Structures are given as C-alpha cells and as structure tokens.
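I opened this notebook to record what I looked up, entry by entry. The structure is shown first.

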Amino acid sequence: MNSLIRLLLRFVYEKRRYLFYGYDPRQGGGQADAQITVYNRWEEIPRAYRRIAAAAPWRNAMFYRIRRGGARLLCCSPDGTRLEAYGWVQDWRPFRRRFAAVATEGTMLGFYWTAPEARGRGLYGRLLAHSLAVCDRTRPVLIVTSPENKASQRGIEKAGFQPLGEWEARIWFRCFSRMRRISDGLR
C-alpha cells in the first residue's frame with residue numbers, strides 16, 4: 001500500500017536534481033568507432049537489442065522518438081551478437097518544455113548504459129565520442145546526470161564536456177515544472 005501512495009504522490013509532486021554539461025561542437029567532432037552501430041529507425045534495431053535498450057515500446061518514450069526521427073540509438077557490440085553498451089542521441093525539442101532554463105535548442109545525449117560485465121573498459125567514453133561524431137555541428141550538445149552519479153560525471157568530463165550547473169526541478173502532475181539553478185557547476 002505504501003508503494004501505491006508513494007507512486008500517487010510522485011505523480012502529483014516531485015522534486016529532482018540534475019547536473020547539466022555542455023559541449024561546443026566547434027571543439028571538434030568526436031571520433032567514429034567501427035564497433036558502434038547507429039540505428040536511425042526502430043525496424044533496424046535487432047530484436048535482442050530492443051529488449052535491452054527500448055523495452056516495452058508501448059510505454060517507452062524512446063520508441064516514439066526514434067519512430068518520429070527525433071532519436072538515434074548507438075549500440076556497441078564488439079562481436080555483433082552481444083550488446084555491451086548503448087546510448088541515445090536525441091533532438092532537444094522533447095526536453096525544451098522542462099529544461100528551457102538550461103537551453104532553448106541543441107542535441108541531448110542520453111540515456112547511456114553499459115553491461116555490468118563490460119564496465120571499466122572505456123565503452124562509455126567511446127560511445128560519447130561516437131555520439132559527438134554523429135551530432136549536428138551547428139547546435140550545442142547537452143548531457144545530464146544525477147549529482148550522485150560520480151562515474152558518469154568523470155566520463156562526461158573526460159569526453160570534453162563543460163559543467164553548466166546543477167539544477168533543481170519541481171514537477172507537478174508530471175506536466176508543469178519549474179527549474180531553479182542551484183550552482184554554476186564549477187568546482
């Protein structure tokens with residue numbers, strides 16, 4: 001019963017913290033990786049990868065974004081059969097409503113995932129570099145993580161992203177939100 005009440009309360013009001021990073025595409029374009037495949041259409045994604053990267057299409061926003069051409073899936077599979085890591089490159093439009101205080105246009109990177117047995121081998125950095133290689137060079141590139149995710153922050157900073165600051169979002173009824181900058185992100 002408690003979990004149902006928590007779920008209902010989360011629907012009504014939620015407070016989250018985000019740590020945003022930005023990348024100026026004029027810095028360079030990243031680096032393409034032969035072991036990373038980019039999927040632009042849902043139908044191209046192998047079924048085994050779909051179960052991991054975009055499970056339950058009827059309730060997954062990424063399914064709808066890739067179907068509408070607003071997202072691309074990057075998959076790292078060294079042997080071509082086993083998915084070791086993936087990441088998304090998305091248009092900024094779905095994020096503009098909630099995160100307009102951070103940026104009005106750009107490309108959003110994320111979500112990224114690495115299989116537990118493949119962690120520590122630099123796959124996250126390779127995916128970030130390849131993501132930058134496929135991004136539009138005329139628009140800023142943004143990525144977000146939670147302030148508690150230190151491993152992700154190290155990988156993002158190592159890839160050349162600059163901190164844009166820590167933000168707090170207050171969200172009502174999963175529709176209305178207000179962003180407030182907590183810090184400038186400089187350490």
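I began with a term: a salt bridge is a side-chain nitrogen of Lys or Arg within 4 Å of a carboxyl oxygen of Asp or Glu. I note that the model is predicted.

Entry on salt bridges. I found 12 salt bridges in the structure. I looked up arginine 121 and glutamate 84, whose side chains meet in one, at 2.5 Å from N to O. Arginine 121 sits in the loop between β5 and α5 and glutamate 84 in the loop between β3 and β4, 37 residues apart. Glutamate 84 counts as buried because its relative accessibility is 3%, whereas arginine 121, at 47%, counts as partly exposed.

I then turned to glutamate 166, which forms a salt bridge with arginine 17, with the closest N and O atoms 2.8 Å apart. This pair joins strand β7 (residues 162-172) to strand β1, across 149 residues. I also recorded a network of salt bridges that links Lys15, Glu168, Arg170 and Arg180.

Entry on arginine 65. I located arginine 65 in helix α3 (residues 61-67). Arginine 65 is buried but has no salt bridge; aspartate 91, the nearest side chain of opposite charge, is 8.9 Å away. Among the residues that arginine 65 touches are Gln90, Pro94 and Phe95.

Entry on the cores. I looked up the largest nonpolar core and found 22 residues, with Leu109, Tyr112 and Phe161 among those with the most contacts inside it. Helix α5 gives the most to this core, five residues. I noted that tyrosine 112 touches residues including Trp88, Leu128 and Ile143. Another core, of 15 residues, lies apart and includes Tyr39 and Phe63.

Note on methods:
Residues are numbered from 1 along each chain as its sequence is written. This is a predicted model: local features need pLDDT of at least 70, side-chain atom pairs count only at pLDDT 80 or more; totals for chains, interfaces and linings use all residues. Side-chain values use heavy atoms; hydrogens and water are left out. A nonpolar core is a set of buried Ala, Val, Leu, Ile, Met, Phe, Trp, Tyr and Cys residues joined through side-chain atoms within 4.5 Å. Buried means under 20% relative accessible area, exposed over 50%, partly exposed in between (1.4 Å probe, protein chains only). Helices (H or I, at least four residues) and strands (E, at least two) are DSSP runs, numbered from the N terminus. Contact means heavy atoms within 4.5 Å. Lys and Arg count as positive and Asp and Glu as negative; His and the chain ends are not counted. Lists of a residue's contacts leave out its neighbours within four places in sequence.
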